[in-house]
Structures are given as structure tokens and as C-alpha cells.
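Please look over the protein below together with the ligand modelled beside it. The report that follows takes up the domains, the ligand surroundings and a few individual residues in turn.

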Amino acid sequence: MTSIRIAEVEKRFGTVRALKGVSLAIEPGELFTLLGPSGCGKTTLLRTVAGFNRQDSGDIFLGDELVNDEPAYRRETGMVFQNYAVFPHMSVFENVAYGLRVRRLGRKDITQRVEAALRRVRLEGYGERTPDKLSGGQQQRVGLARAMAIEPRVLLLDEPLSNLDAKLRVEMRTEIRDIQKQLGITAIYVTHDQEEALVISDRIAVMDGGVIQQVGPPWAIYKDPANLFVAAFVGSMNLIDAEILGEGPSGFLRANAAGCELLVPAPAGHYDLRRIRIAFRPEDATGTGAAPGLANELRATVKTASFLGSAVSLDLELGGRSILVERARPGAGDILEPGSTASFAVPPTSILLFHPETGERVTAVGEEA
Ligand code: ATP
């Protein structure tokens, strides 16, 4: 298994700085995801690791080997693309065999490896078909088999599921993860779909504007976002501007948010901000509906109540801001009329604090700085 190290990589296209000194260390056998909005630089970074782009400065290591000067075909990476990139005039077998023929493997070896790769992606028996007789999901499996057949050091996947329909995307993402784990191959996976990233990854790097915003396991990215960009990009996050009023019970401060007094976790160490941005997830609000007298209670006007079956999602208006609150296992009373008042409570410990200007997380007591 091969590690991947990306050190201070810069890449410009004309005046666009697509990568601004990106550094990452990817562990052997890890499924590592680059997640970010369109144009954030994730494809550029992947193509730089593959050797399709040459960085302006910085280093790429595969294992201990510095590969800056190695052309793509010598880096032994397997690439899977969004648009499948299967050769339409070749049979499935020949598509998967392609990289092996280029490497001049013997006929027996090729047959064995192609058959093993097709078995792994559940396409045994499809070798003689041409890609136009395959579904999108099957074509993408051919792409995956072709990338794996060459037994690459690392697998590079560029939005491999984005051309598939929603149901197939969900099925294929666990399949890709299973195959990657069975092979024990180090993989970089590019997506802009945050749910896909949370499900599939060992760790995620969230990117924006050519910069890594945060690296961590899915749980930490969701529960412990380092800044407002990550907090808002991954999942839904409610944000309210607040003013610190003073000390609360041990470990908490009192804050005024949209006319309501709330307890918020006290930041560690010296802290002199008066204004702060508080954040909480829709699912962390409790007691929607008639729940008077709860600590940290907020009251807001219902804009819409969407019944989702397993939950009801309330879109509320609070001090000119839109707030989302989700109630799992709703009762009939939770589906509130537009214009009515919803009361809900936000447990102080589920509130995160951010700097109102820089957007950086203001670390709370008990967490590492
Ligand atoms: P998407 O999800 O839309 O593919 P991305 O995060 O993968 O986006 P990149 O394709 O890496 O983003 O692009 C990063 C930036 O570099 C963008 O501003 C893009 O316009 C620019 N860029 C990428 N490739 C080129 C190129 N060949 N020539 C000029 N600019 C480019």
C-alpha cells in the first residue's frame, strides 16, 4: 500500500491560482476525499497527482518516490472519470485489457487480470459486449475495472458517480468503498456531494478557493467544523449573530441572539469578542411546537412546514434570518401552519461559536485549540 504526500503545491492557469500551496498526507489504504464547490481546485489537484497537470511549485510523493518529473503513464495510478471514458468501439474485455496491452503483458496474464477485474465489479460474462449496450452504472463499472486491472499504486476517482441517477449513486458508492477496501488500495476521491463524501470517506479534505479548509474524518468535519465555510458547506447549519452579555453558569456565557437570551459554551482562554456568530444544526433543536419554559428557548415564525415522513422540516423566520429546525418522528402537532409561532430549544452544548468577521471557529471549553 502506498502513501501519497502533497507538499506546498501551487498551480496557476493564467491569472487563476487554482491551488494555493496545498499540503496533504494521505495514509496507505486510505479512501481520502477532496470535497468542495465547483471551481475550488479539487480536479486540478487530482490531475496533478495523476501527472496530467504539472504544478508550478511544490512536490508530489507516491510512497517515498518524488514523482514531479514522472509522466502520467509512469506514475502507476488508475484513474476513473466522471464521463466513464470507455472506448465505445471496443468490447468490455478490450476496454479493461487496454492498460495491460500497453504494458505488454502476456495473453494469459491479461485474460486472468481482466476476468478478475470484471468479477470484482460484478460484470463477469459481459466481456464481449460493447459499451453502448451497457447502462451508465455498468459503464462506470467498466471504467473502475479498467483502472484496477493495471494494479495501480493508487486509485484516483474524479466524480465517478455524478452521471448516474440518484438510486444508482447510492448503491455504487458503497460498492466502490467495498472494492477499495478489499484491494487495500490508496484512493483519492473527488466529489462536490457532501453526503457522498460523508458516507464513503476515511477522511475528507474540504477545499475552497484553492485552499484546504479542513482535513478530518467525516464525523469531525460534520460535528467539529473549523470555520464557517466548512460548517455551512457540509450539511445544513443555522447561523445567528449574537452579542455576548456576560458570564453564565460555569463554562457558559450569556448571549443575546435575535432578542432571545441564550447560554453558549464559553471559549477557552482569553476572549474579548463582544459580537459572535452562533451556529447549530437543524436536528439539534429540540421541543419544537408547544415547549414552554425550556432553557435556550427561541420563538420564531413558521414560513413552511415540510413533512418528510420520518421527520418534519420547519423553515422559520427569526429576526430577519431563515432558520431550519428538524423534528424526527413527528406527531401531527409538529406540522405547524405558516404564520404560527414555533418554540424550540437549542441545547447550549450543541451550539458552536464562530468569529463574526474571519469565520474561524472560536474554540469552546474542553475542546482542543
Ligand atoms: P468542478 O467541480 O466544477 O470540476 P473543481 O473544484 O474540480 O470544479 P477545478 O476544475 O480544479 O475545480 O478548477 C479550479 C480553477 O482552475 C477554476 O477556477 C477553473 O476555472 C480553473 N481551471 C481549471 N482548469 C483550467 C484550465 N485548463 N485552464 C484554465 N483554467 C482552468
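## Terms and basis

A polar contact is a pair of N or O atoms within 3.5 Å; within protein, one of the two must be able to donate a hydrogen and the other to accept it, and residues adjacent in sequence count only if both atoms are side-chain atoms. By this definition, seven residue pairs, both members at pLDDT 80 or more, are in polar contact between domain 1 and domain 2.

The model is predicted, and local features need pLDDT of at least 70, while side-chain atom pairs count only at pLDDT 80 or more and totals for chains, interfaces and linings use all residues. Residues are numbered from 1 along each chain as its sequence is written, and side-chain values use heavy atoms, with hydrogens and water left out.

The protein chain is divided into domain 1 (4–232) and domain 2 (236–362), with bounds that come from an automatic or database domain assignment. The C-alpha centres of domain 1 and domain 2 lie 39 Å apart. To the contact, meaning heavy atoms within 4.5 Å, domain 1 gives 10 residues and domain 2 gives 11 residues.

About 930 Å² is buried between domain 1 and domain 2, and carbon and sulfur atoms give 49% of that area; buried area is the accessible area (1.4 Å probe) that two parts lose on being put together, summed over both. Within domain 1, the residues that lose the most area to domain 2 are Tyr222, Leu228 and Ala231, which together make up 55% of what that side buries.

## Charges and elements at the domain boundary

Between domain 1 and domain 2 the count is one salt bridge, a term that requires a side-chain nitrogen of Lys or Arg within 4 Å of a carboxyl oxygen of Asp or Glu. The side chains of arginine 361 and aspartate 224 also meet in a salt bridge, at 3.0 Å from N to O. On the side of domain 1 that touches domain 2, α7 (218–223) and α8 (228–233) each supply at least two residues; helices (H or I, at least four residues) and strands (E, at least two) are DSSP runs, numbered from the N terminus. The residues of that side divide into seven nonpolar, one polar and two charged, where Ala, Val, Leu, Ile, Met, Phe, Trp, Tyr, Cys and Pro count as nonpolar, Asp, Glu, Lys and Arg as charged, and the others, Gly among them, as polar.

## Ligand surroundings

The residues around the ligand include Phe13, Val16, Ala18 and the run of Pro37, Ser38, Gly39, Cys40, Gly41, Lys42, Thr43 and Thr44, together with Glu159, a residue being near a molecule if one of its heavy atoms lies within 4 Å of it. For lysine 42, a side-chain N or O atom is 2.7 Å from an oxygen atom of the ligand, and for threonine 44 the corresponding distance to a ligand oxygen is 2.5 Å. Glutamate 159 places a polar side-chain atom 3.5 Å from an oxygen atom of the ligand.

## Individual residues

Arginine 122 is found in the loop between α3 (107–120) and α4 (136–149), and has a positive phi of about 60° although it is not a glycine. Leaving aside residues up to four places away in sequence, arginine 122 touches Arg141 and Glu175, and its side chain is joined to that of glutamate 175 by a polar contact of 2.3 Å.

Arginine 329, in the loop between β18 (321–328) and β19 (341–345), likewise has a positive phi, near 40°.
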